[in-house]
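Here are some notes to read beside the structure. Each point takes up one feature, and a few of them begin with a question.

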Amino acid sequence: MEAVVAALFLVMLHILCALLYIVLPCKETVGYVCDRDGKPLSYRLNGLRTYFAILSLFVLGTKLTLLSSTLLVDQFWVVVGVSNFLGLVGSAAAYFIPKYIATSLQEPTRRAITIDMMQRQQFSSNNYHRTSPKTGRDTTVSSEPRNTPSRLPLVNVMLEFYSGLQFNPRLGNLDLKMYSYLYGAVLLELVLLNAAASHIEITGSLSNAMCVYVGMFSWFVTEYIYFENVHLYTYDLFAEKFGFKLLWGCWVFYPLFYPIGVWPLITTSRDLTNGQIILIITTFFLGWFLTRGANLQKYFAKRDISKTFLGIKQETIKETPILISGFWGFARHINYFGEILQGIALALPSWLLTGSLIPWLYPLYYVLLLIPRQWEDDRICARKYGVSWIEYTTRVPYRVIPFVY
């Protein structure tokens, strides 16, 4: 019976999250990404309200004994199975609808049109032409498909299914990308709360280690939603299409894999020393400072380069938007270093207390994700900016970790 309850809970969570996203008061905000006509997209930002509303309803449900406070832990593999099923169904819809039903929705370009493109360039509905001021090369971004190597039809289908066909699909007022990020964050936080409740049920009390882990991860999730306006300017919004990779990642991988380090803590009665707590929290917030600081600096620079950030003058390579001051003067992807540091901090509690290597899968995932992304980003920027990029790499030689790499 609990398995059925867990399955229905996930379905209802999807419905409730979408409904609250649509009906709760919001701040209408113009984003960085434009539609195919060059008009900036407007977003309903009420993620924090939706997040706390659902968490409050869950706590109320457990107090009224309508739900078990450990449901998602007790029925975890049911949760994994149902989440995967819903993720596959959603991914299939994201592929088949624009591919075969509403074919005009397909967007064959590599990246979405953004505000800075519209401000700096003359854009038409078919072609967007740019000539590099440094190299004189045409770096056109076209709304027509790029020439790509011929592939077997099945390979093309798999790649389109995986990557998606639309950048920012919407169902009325429901932006499917923003909804997916929000749903993943809500489910992740519910898993953390269920894990803490299960730990108390097994050991009889809440350990410092569990408090530190859940506290840090809850900070990670909550501040991510708090800064949802900043994320309108990040890579996923303008460079990732809505396909299996993004949808399954938000609905399944993000909420169920990210907190992998909590599982060894549920059953252990051992606890962290004060010194270990200080080390872990310091590492985590150093990583958070680097990531959030770098992302905020870039956000404010994109909005108004003339304004200072934390008292730092925003400086760029001449005739480009490439930042070389503040956080971005230490490493070309200093924000990635911060993400990895946070991952290390979240792996430490379980490893120190149980010796389990499982929690290290989380920071390892960041390394495997972000380092190749940095390579790809460098290749794109080298083509895009030419000599200016060479100047930038000379002035900022470190890729991710200052003075190391």
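1. Is Arg44 buried or exposed? Arg44 has a relative accessible area of 13%. The cut-off for buried is under 20%, so Arg44 counts as buried. Please keep in mind throughout that this is a predicted model.

2. Arg44 also has a charged partner, Glu28, with which it forms a salt bridge. The closest N and O atoms of the two are 3.8 Å apart. Arg44 belongs to strand E2 (residues 40–45) and Glu28 to strand E1. The two residues are 16 apart in the chain, and the pair links distant parts of it. As background, side chains of opposite charge can pair when their charged atoms come close.

3. How many salt bridges does the structure hold? The count is 11.

4. Glu223 and Arg292 meet through their side chains in a salt bridge, at 2.9 Å from N to O. Glu223 sits in helix H8 (residues 208–226), while Arg292 sits in helix H13 (residues 274–303). Glu223 counts as buried, because its relative accessibility is 11%. Arg292 is buried as well, because its relative accessible area is 5%.

5. Which residue forms a salt bridge with Arg373? The partner is Glu240, and the closest N and O atoms are 4.0 Å apart. Arg373 lies in helix H15 (residues 361–385), and Glu240 lies in the loop between helix H10 (235–239) and H11, so the pair ties together parts that are 133 residues apart in sequence. Both Arg373 and Glu240 are buried. The pair is part of a network: salt bridges that share partners join Glu240, Lys245 and Arg373.

6. One cavity of 30 Å³ or more is counted. The volume of this largest cavity is about 110 Å³. Its lining consists of Tyr21, Gly47, Met178, Tyr181, Leu182, Tyr224, Ile225, Glu228 and His231. H7, H8 and helix H9 (228–231) are the elements that give two or more residues to this lining. H7 gives the largest share, three residues. By class, six of the lining residues are nonpolar, two are polar and one is charged.

7. The second largest pocket holds about 690 Å³ of space. Its lining is made of 32 residues, and those nearest the centre of the pocket are Pro169, Arg170, Leu171, Leu176 and Phe242. Several elements each supply at least two lining residues, among them helix H1 (2–23), strand E1 (27–34), strand E5 (170–171) and helix H11 (244–257). Helix H7 (176–203) is also one of these elements, and H7 contributes to the lining of the largest cavity too.

8. Which element gives the largest share of the lining of the second largest pocket? H4 does, with seven residues; this helix covers residues 76–101. The lining of this pocket has 22 nonpolar residues, together with five polar and five charged ones.

9. Helix H4 is also where Ile101 is placed. Ile101 counts as exposed because its relative accessibility is 69%. Together with Phe96, Ile97, Tyr100 and Leu105, Ile101 makes a nonpolar surface patch of about 510 Å².

10. Last, the backbone. Most residues other than glycine have a negative phi. Thr65 has a positive value, with phi near 60°. Thr65 is located in the loop between helix H2 (47–63) and helix H3 (71–74), and it is exposed because its relative accessible area is 69%.

11. Phe403 likewise has a positive phi, near 70°. Phe403 is found in the segment after helix H16 (387–395). Is Phe403 buried or exposed? Its relative accessibility is 65%, and the cut-off for exposed is over 50%, so Phe403 counts as exposed.

Methods. Residues numbered from 1 in each chain as written. Predicted model: local features only at pLDDT ≥ 70, side-chain atom pairs only at ≥ 80, totals over all residues. Heavy atoms only, no water. 1 Å grid on protein atoms, 1.4 Å probe; cavity = no way out; pocket = protein on both sides within 12 Å on 5 of 7 lines; lining within 4 Å. Points joined across faces, edges and corners; volume = space filled by probe spheres on them. Helix = DSSP H or I, 4+ residues; strand = E, 2+ residues; numbered from the N terminus. Nonpolar A, V, L, I, M, F, W, Y, C, P; charged D, E, K, R; others polar. Patch = residues over 30% accessible without salt bridge, like charges linked within 9 Å, V, L, I, M, F, W, Y side chains within 5 Å. Areas by Shrake-Rupley, 256 points an atom, 1.4 Å probe, with all protein chains shown as cover. Buried < 20%, exposed > 50% of the residue type's maximum accessible area, 1.4 Å probe, protein only.
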